Amino acid sequence: MFVFVSLFTSFCVFFLLFGIFLSHCVCFLESIYVVFCVSRVIVYFLLFVLVVCLAELPKPHLGEPKDLSSLRMQPVQENVLTLSLTLDKILARDTVQVELIPEKKGLFLKHVEYQVTSQHYKISVYRRYTDFDVFHEVLLQRFAYRVVPALPPKRMLKGNPISRFIMGRRRALCRFLNLVARHPFFSEDELVKTFLTFSGSDVQIKLRDSYKRTRDEFMTNRIATQSKEYLPSDIQAQFSTSREMIRNIHNSFQKLRDRAEKMAERSKENATDLLMFGRELSTLGSDSSSLPSMASSQSTWGTLRQALKSLSVEFAVLSDKAAQQGRREEDDVVEKLNLFLDLLQSYRDLCERHEKGVLHEHQRALHKYGVMKRQMMSATVQPKEQASVEQLESRIIQQENAIQTMELRNYFSLFCLHQETQLIFAYLPITSHILGSFVNSQVQGHREMGEVWNELQPKLSCLFAENNGLKSI
């Protein structure tokens with residue numbers, strides 16, 4: 001009985017404590033609910049205040065969505081007509097060396113072969129003149145609107161020594177390749193790369209196949225048909241002014257080249273004269289015949305004659321120095337003048353191609369179109385067969401398309417002429433290079449010859465009686 005009372009008492013105490021705990025939990029949850037309700041009220045109030053404030057702010061006017069297309073970033077249009085060229089950039093593109101290799105005998109005739117070395121591609125290939133000829137042909141077809149230098153003549157002119165002709169042609173081929181390899185537009189073309197790097201024997205076939213794949217520049221240039229849009233309104237006036245200026249520059253440089261060639265020839269002639277002068281002195285000194293009895297006993301001719309023989313060595317050295325001077329003037333001065341003259345002449349050839357080629361064909365096509373239109377008008381007036389009228393209409397449409405193409409080519413030709421004119425003016429600072437080479441060659445030549453003359457002077461002094469030095473007569 002006592003145990004039962006104890007258990008009952010324990011249960012009562014437990015339920016009492018549990019009831020107290022539940023009452024506290026309910027109070028706690030009620031307080032949380034109150035806080036939650038108050039927070040909701042505060043949030044709703046803040047949202048209401050925010051909406052009221054936003055309603056009072058000015059509303060931006062963005063316009064229609066289609067108007068937003070005008071706000072897109074426009075790409076910067078490049079000035080495709082103007083070239084950023086300097087002479088240093090042009091010369092740094094490539095340097096090509098052309099050297100003669102020993103003649104090879106064919107089955108019937110001998111032929112000359114050249115070793116062509118490109119500094120840019122770091123390779124040497126072997127070419128004959130016929131390879132140059134084919135290369136020039138396809139290059140001119142591919143870039144008819146650019147300055148393509150001319151090749152030297154294939155055959156020797158009468159009266160010109162064969163060795164001199166071959167050396168002159170080698171120099172001209174070297175100038176041709178350097179102008180081509182440094183041109184800003186076709187220096188990286190597949191034709192040029194093939195000629196400078198292809199080592200197979202069928203290079204001519206390779207060149208023709210390469211042209212067939214690429215065709216002419218008008219068909220491959222991405223802006224050829226839009227050339228008119230980039231040309232200035234006074235393009236014809238600019239072209240005439242530039243052409244006249246370049247013509248005057250060409251004439252002046254031709255005169256400079258002629259004078260430089262004469263100076264180089266005089267140096268070579270001076271070398272020959274000095275050598276012959278020394279040989280004549282040696283001949284005098286080699287005369288071993290005894291003096292005649294009529295000669296004075298005090299004559300010093302015998303001693304002087306022996307000393308003259310040794311002077312031929314110094315004059316041979318002077319002759320060699322003069323010959324080196326002539327070669328320097330030819331290589332450093334005349335060749336640079338010829339390089340620029342080749343470029344100027346190719347520009348003049350380009351101007352003639354533009355006037356006699358593109359413009360002439362355009363005018364001829366317009367004339368033919370006018371004739372066909374008159375024939376069409378007469379056909380409408382006089383009754384003719386329907387087939388002939390339709391054929392005439394088809395020909396007129398074809399002629400209109402041809403005229404449109406010629407007009408586009410004409411504008412592209414002017415576009416290229418504008419750029420090639422810039423190339424000519426970019427080459428003009430070569431004048432300072434030429435003058436620097438000329439001055440350096442003169443300074444070096446005179447210094448070297450002066451040193452030999454100074455060494456020769458004491459030896460001449462010893463030839464005079466009483467060692468009294470050189471005297472004027």
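## Exercises on helix packing and buried residues

Gly 445 lies in helix H12 (residues 430-461), where helices are DSSP runs (H or I, at least four residues) numbered from the N terminus. The model is predicted, so that local features need pLDDT of at least 70 and side-chain atom pairs count only at pLDDT 80 or more, while totals for chains, interfaces and linings use all residues. Residues are numbered from 1 along each chain as its sequence is written, and side-chain values use heavy atoms, with hydrogens and water left out.

**Exercise 1.** Determine whether Gly 445 is buried or exposed, and which residues it contacts beyond four places in sequence.

*Solution.* The relative accessible area of Gly 445 is 3%, and the residue is therefore buried (under 20%; exposed is over 50%, partly exposed in between, with a 1.4 Å probe and protein chains only). Leaving aside neighbours within four places, Gly 445 is in contact with Gln 325 and Arg 328, contact meaning heavy atoms within 4.5 Å. The C-alpha atoms of Gly 445 and Gly 326, 119 residues apart along the chain, are separated by 8.9 Å.

**Exercise 2.** Describe how helix H3 and helix H5 are oriented to each other.

*Solution.* The axes (lines fitted to C-alpha atoms over the stretch in contact, with angles from 0 to 180 degrees between N-to-C directions) of H3 (residues 129-142) and H5 (residues 190-197) come within 10 Å and cross at roughly 170°. H3 and H5 are therefore roughly antiparallel, a term for angles over 145 degrees. In this contact, residues of H3 including Phe 132 and Phe 135 meet Leu 191, Val 192 and Phe 195 of H5.

Definitions and conventions
Helix = DSSP H or I, 4+ residues; strand = E, 2+ residues; numbered from the N terminus. Parallel < 35°, antiparallel > 145°, perpendicular 65-115°, else oblique.
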